[in-house]
Amino acid sequence: MAGPQDSSKPKLAAGCRWGGTEAARVVLFPEGAIRMQGTGQRVLELCDGERTFAEVVAQLQQEYSSADATVIRADASRFLEQLQEKRIVDF
Amino acid sequence: MLSNPLALIAEITHRCPLHCVYCSNPLELASAKSELSTHDWLRVFAEAATLGVLHVHLTGGEPLARTDLTDLTAAAHGAGLYTNLITSGIGLSRERLERLVDAGLDHIQLSFQDSGEMHANWIAGTKSHAHKVEVASWIKEHRIAFTANLVVHRQNLDHLEEMICFLEGLQPDRIEIAHTQYYGWALKNRAALMPIRPQVHNAVRIVSSAAARLKGKIRIDSVIADYYARFPKACMGGWGRQLMLIDPAGRALPCHAAGVIPGLSFDNVRERSLEWIWRESDAFQKFRGESWMPEPCRSCDRRTEDFGGCRCQAFLLTADATTTDPACSLAPAHPVIDKALREVPIETASGSPTEWVYRANPK
Ligand code: SF4
Ligand code: SF4
């Protein structure tokens, strides 16, 4: 299994959703909750099932313009892959 | 500092149409008459959310036996809780499921006893398998999380691969393969249910190869056969540490078997707030943290991972709830486990008529 393709449209999997408070956002899934913050939170917010992975990456590269573009892509890909293995994200 | 509970296990009824031989619920069950009202549960869910609880697990018995399940689901969802229904599927129609999903149900965990109908019904002591398969297809009509759960033991482990293929066909997001735990009804049937060592070893291999094969599609979780393990399970994630269970009659317990431990008194949500119970109740404080721990746990590095194992199992097997879980290979009482395993007959005799007692359930 690998990370998302450029054309895939990642989104939260069925039965996984945002929760918590504005100050402490979590993603809720059947076995628990993951505290989301910083870039991770941003990646997941962008994964709305409409944007393609390429668009998500382009948006992140724009927002975090001081960071290395290839690192941003690799990190986002690995992050989504891990969440997919936990069945929290689909793509 | 004491952290807040993360999940509330709401045992809304002990009534159940099934009679599973491996049932982990206690021998003594609450009667329908003693059950909390809808109103009580609504208050409990609201209090739980305020206390910082994130998940509510609606379970039983069979939660569908309560006619107000949709209202309870809506209330839990309305309080902001992630709502999980743990069910046998008996009592569910396509319409009722639709109402539950509309009420905000996030996740459904459907239990199976086996892959083949005859064998499954034999284990459940009820004709239920065909209906469960139908329920699974209805679940797939909705965008909710779906876990297929299978309890394994001596009588079905020989065809674990077949059972996993069967569950895969139902297209769940998750499959949970749980070895039978022996602290409720199942303890009565231990001789018939305890697997032999090769079955346990094969199961590990089969489960891990299925997990690799299904990676990214279906997540496989497993609950270990603790009699065969070196270390015990981290029962309930540690006593009074993450979970709070409310039984049908409103008693708050740190774990669903805790009622077997003599000398513990359980406060009732009819009289006390959840917050008070979490902080002050004797039962929750009894084995919380490390001060109760005996050796070898007290000086063992694993004590922050498994918390000394299961208190109820310690009591049931040694008559002392404060001792190291005998399932631990370092426990002074570990010989009771070795003895139980020595008594397991070698021939597996899967599917042959067996001496066991079906779960008796309250009305
Ligand atoms: S009899 Fe079966 S379905 Fe009913 S509570 Fe026990 S294990 Fe669950
Ligand atoms: S001695 Fe206690 S803490 Fe150490 S592994 Fe065994 S049960 Fe866990």
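Analyst: A helix here is a DSSP run of H or I with at least four residues, and helices are numbered from the N terminus. The model under discussion is a predicted one.

User: Where does B:His201 sit, by that numbering?

Analyst: B:His201 belongs to helix H8 of chain B, which covers residues 197–214.

User: Why is B:His201 called exposed?

Analyst: The cut-off for exposed is over 50% relative accessible area. B:His201 has 51%, so it counts as exposed.

User: How far apart are the C-alpha atoms of B:His201 and B:Asp301?

Analyst: Their C-alpha atoms are separated by 26 Å, and along the chain the two residues are 100 residues apart.

User: What makes B:Arg66 buried?

Analyst: Buried means under 20%, and B:Arg66 has a relative accessibility of 5%, so it falls in that class. B:Arg66 is placed in the loop between S2 and helix H2 (69–78) of chain B.

User: Which residues does B:Arg66 touch, not counting residues up to four places away in sequence?

Analyst: The contacts of B:Arg66 include B:Glu35, B:Trp41, B:Leu72 and B:Arg96, with residues up to four places away in sequence not counted.

User: Which residues of helix H12 of chain B are buried?

Analyst: In H12 (residues 311–318) they are B:Arg311, B:Cys312, B:Gln313, B:Ala314 and B:Phe315. After H12(B) comes B:Ala319, with a positive phi near 65°.

User: Why is the pair A:Arg42 and A:Glu45 called a salt bridge?

Analyst: The rule asks for a side-chain nitrogen of Lys or Arg within 4 Å of a carboxyl oxygen of Asp or Glu. The closest N and O atoms of A:Arg42 and A:Glu45 are 3.2 Å apart, so the pair meets the rule. Both residues lie in helix H1 (residues 38–46) of chain A, three residues apart, or about one turn of the helix. In general, an α-helix has 3.6 residues a turn, so residues three or four places apart point the same way.

User: How do you know which accessibility class A:Arg42 belongs to?

Analyst: A:Arg42 has a relative accessible area of 24%, so it is partly exposed. A:Glu45 is partly exposed too, at 31%.

User: What makes B:Glu305 and B:Arg302 a salt bridge?

Analyst: Their side chains meet at 3.5 Å, N to O, and the limit is 4 Å. B:Glu305 counts as partly exposed because its relative accessibility is 48%. B:Arg302 is also partly exposed, at 24%.

User: Which residues are joined into one network by salt bridges that share partners?

Analyst: The network joins A:Glu31, B:Arg174, B:Arg219 and B:Asp221. Within chain B, the side chains of B:Arg219 and B:Asp221 meet at 3.5 Å, N to O. B:Arg219 is partly exposed because its relative accessibility is 28%, and B:Asp221 is partly exposed at 22%.

User: What is the area buried between the two chains?

Analyst: The area buried between chain B and chain A is about 1,600 Å², with 52% of it given by carbon and sulfur atoms. B:Tyr82, B:Arg143 and B:Arg174 supply 34% of the area that chain B buries against chain A, more than any other three residues. The contact involves 20 residues from chain B and 18 residues from chain A.

User: What makes up the shell around ligand 1, by class?

Analyst: The shell around ligand 1 has five nonpolar, three polar and one charged residues. Among the residues around ligand 1 are B:Cys16, B:Cys20, B:Cys23 and B:Arg359. Cys is counted as nonpolar and Arg as charged.

User: What is the make-up of the shell around ligand 2, by class?

Analyst: That shell has seven nonpolar, two polar and three charged residues. Its residues include B:Cys297, B:Cys300, B:Arg302, B:Arg303, B:Asp306 and B:Cys328.

Notes:
Residues numbered from 1 in each chain as written. Chains lettered and ligands numbered in written order. Predicted model: local features only at pLDDT ≥ 70, side-chain atom pairs only at ≥ 80, totals over all residues. Heavy atoms only, no water. Contact = heavy atoms within 4.5 Å. Buried area = accessible area lost by both parts, 1.4 Å probe. Helix = DSSP H or I, 4+ residues; strand = E, 2+ residues; numbered from the N terminus. Buried < 20%, exposed > 50% of the residue type's maximum accessible area, 1.4 Å probe, protein only. Near = heavy atom within 4 Å.
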